[in-house]
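Please look at the chain below and follow its strands and helices one after another.

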Amino acid sequence: MTESMLAKRRNAAIAKGVGASTQVYAERAENAEIWDAQGKRYIDFAAGIAVVNTGHRHPRVIAAAKEQLEHFTHTCHQVVPYENYVALAERLNRLVPGNFEKKTVFVTTGAEAVENAVKIARAATGRSGVVAFNGAFHGRTFLGMSLTGKVTPYKMGFGPLVNDIYRLPFPIELHHISVEQTLKALENLFKNDIEPTRVAAIIFEPVQGEGGFYPAPPQLLKSLREIADRYGIVLIADEVQTGFARTGKLFAMEHHNVVADLTTMAKGLAGGFPLAAVTGRAELMDAVVPGGLGGTYGGNPVAIAASHAVLDVIEEEKLTVRATQLGEKLKQHLHKLRSQVPQIADVRGPGLMVAVEFNHANGQVNNQEPDADFTNKVRQKALERGLILLTCGVHGNVIRFLPPLTIQDEVFDEALDILTSVLIELNCKNENHAESTFANQK
């Protein structure tokens, strides 16, 4: 069946609100490659949005899932518990940053993890206020989109959102927003909107995901930790996209001499199986009464088994090191292209959580006008040539690179060749168009 026929069926059967950034209908996948229904091969630089960090169908992950399938698929841990849930909680309690006693709860999605982290913070503090950041993404549930700092498409048409949510500018040097300005905004928030003793939590991403892959400056995290300690506020690190070796550390917070009280995680946790978690200070986690946390599918035994295998693979194949090596190679490659592609305004990101931001190339020094059109053309042209890319950013002018950390060197190099040819070709077209326009004006 052709892709156009599949697209027609999809449009007829599935709600329009479920978007799709490509019309590639996957037939099979292996490591960093996907083949569609017509047998066309694609290099996957999306990894299901940082989910299959260990690659599509890693043999260890598949074997672990198959073995669990031979025992049972579901009992609901709140009804009939099972050992591998307990063992994975013990494992995460050891691995999540923070030299204090921890406990864990398993749920199904990243948004669910965020919701439960806020519930835990509110129960532990007896407060309701939550501070979040512009450009943040924390999910599509009502609390998730209330915390999310981007209107289109996440908040459009849904009416009033959850109250007692307050927002700060996220410090981005490229956009002339400093840490000092952010902290001043927090000071003003405490003066004008909510007293700090009524704030339950401050939630942040160590590297903003959907917002544009902007790393949180170390000074911001240090200051947030000090402020949280001063006022008894719970600090929540949303590591849903940054976790599990993506940034060159198992968790992105390991890049900083700062620890969060609660850490949310999902995506790369189980190699493609739906699993999410909250891990945090034991005294906070125990503030919720029995039955206040959990969910029917939370901690599904097959996903738990897969997660154990993912953690084994990350350790044994040294994927944190691999992420750093490939990320540096990609960033160096992009930096070398800047002289040929003046639309490149910035290249950034730790490990293999890399982004390139495009602005209009109109001859201005440090031009700050976002070029979403050029960005989308890069994505579309790359897809035509067999490379799957994702865009992000409040202005839609950022390409984010999220290949599996297990990608073969030759496949990675092939993807860089495609990217290079696309960028140079599109820039040449832009230059020719600009020259033609200028000549016509004369």
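Begin with Lys 103: its bridge partner in S10 is Gly 280. This is a predicted model, where local features need pLDDT of at least 70 and side-chain atom pairs count only at pLDDT 80 or more, while totals for chains, interfaces and linings use all residues. Residues are numbered from 1 along each chain as its sequence is written, and side-chain values use heavy atoms, with hydrogens and water left out.

First, some terms. Helices (H or I, at least four residues) and strands (E, at least two) are DSSP runs, numbered from the N terminus. Two strands pair if DSSP finds at least two bridges between them. Strands S4 and S10 run antiparallel and are joined by six bridges. S10 covers residues 276–281. Five of its six residues are buried, so S10 is largely enclosed by the rest of the structure. Buried means under 20% relative accessible area, exposed means over 50%, and partly exposed lies in between (1.4 Å probe, protein chains only).

S10 also pairs with S9, in the antiparallel sense, over four bridges. Look at Thr 264, which has its place in S9 (residues 262–265). In S10, Val 278 is the bridge partner of Thr 264. Is Thr 264 buried or exposed? Its relative accessible area is 0%, so Thr 264 is buried. Which residues does Thr 264 touch, leaving out those up to four places away in sequence? Among them are Ala 113, Val 114, Ala 117, Ile 236, Asp 238 and Val 278. Here contact means heavy atoms within 4.5 Å.

Now find helix H5, residues 110–125. Its buried residues include Ala 113, Val 114 and Ala 117. Gly 110, Ile 120 and Ala 121 are also among the buried residues of H5. How long should this helix be? The expected span of a helix is 1.5 Å times one less than its number of residues. The 16 residues of H5 should therefore span 22 Å, and the end C-alpha atoms are 23 Å apart, which agrees. Just after H5, Gly 126 takes a positive phi of about 70°.

The buried residues of H4 include Tyr 85, Leu 88 and Leu 92. What covers the buried residues of H4? The cover includes helix H3 (59–69), S4, S9, S10 and helix H10 (301–316).

Next come the rings. Rings of Phe, Tyr and Trp (its six-membered ring) pair if their centres lie within 6.5 Å; planes under 30 degrees apart count as stacked, over 60 as edge-to-face and the rest as tilted. The structure holds ten aromatic pairs. One of them joins Tyr 85 and Phe 106. This pair is edge-to-face, 4.8 Å centre to centre, with 85° between the planes. It links distant parts of the chain: Tyr 85 is in H4 (residues 83–95) and Phe 106 is in S4 (residues 102–107), 21 residues apart. Tyr 85 and Phe 106 are both buried. Ring pairs link Phe 72, Tyr 82, Tyr 85 and Phe 106 into a cluster.

The charged end of Lys 102 sits over the ring of Phe 100, 5.4 Å from its centre. The charged end of Arg 281 sits over the ring of Phe 100 as well, 3.8 Å from its centre.

Turn to another sheet. Four strands form an open sheet in the order S1-S2-S3-S13, with mixed pairing. S1 (26–30) and S13 (387–388) stand at the edges, each with a single partner strand, so one side of each is left without a neighbour in the sheet. S1 and S2 (residues 33–36) run antiparallel, joined by four bridges. In S2, Glu 33 is the bridge partner of Glu 30.

Last, the cysteines. A disulfide is a pair of cysteine sulfur atoms within 2.5 Å. By this rule the count is zero. Cys 392 counts as buried, at 2% relative accessibility. Cys 428 is partly exposed, with a relative accessible area of 35%.

Methods
A charge sits over a ring if NZ of Lys or CZ of Arg is within 6 Å of the ring centre and within 35 degrees of the ring normal.
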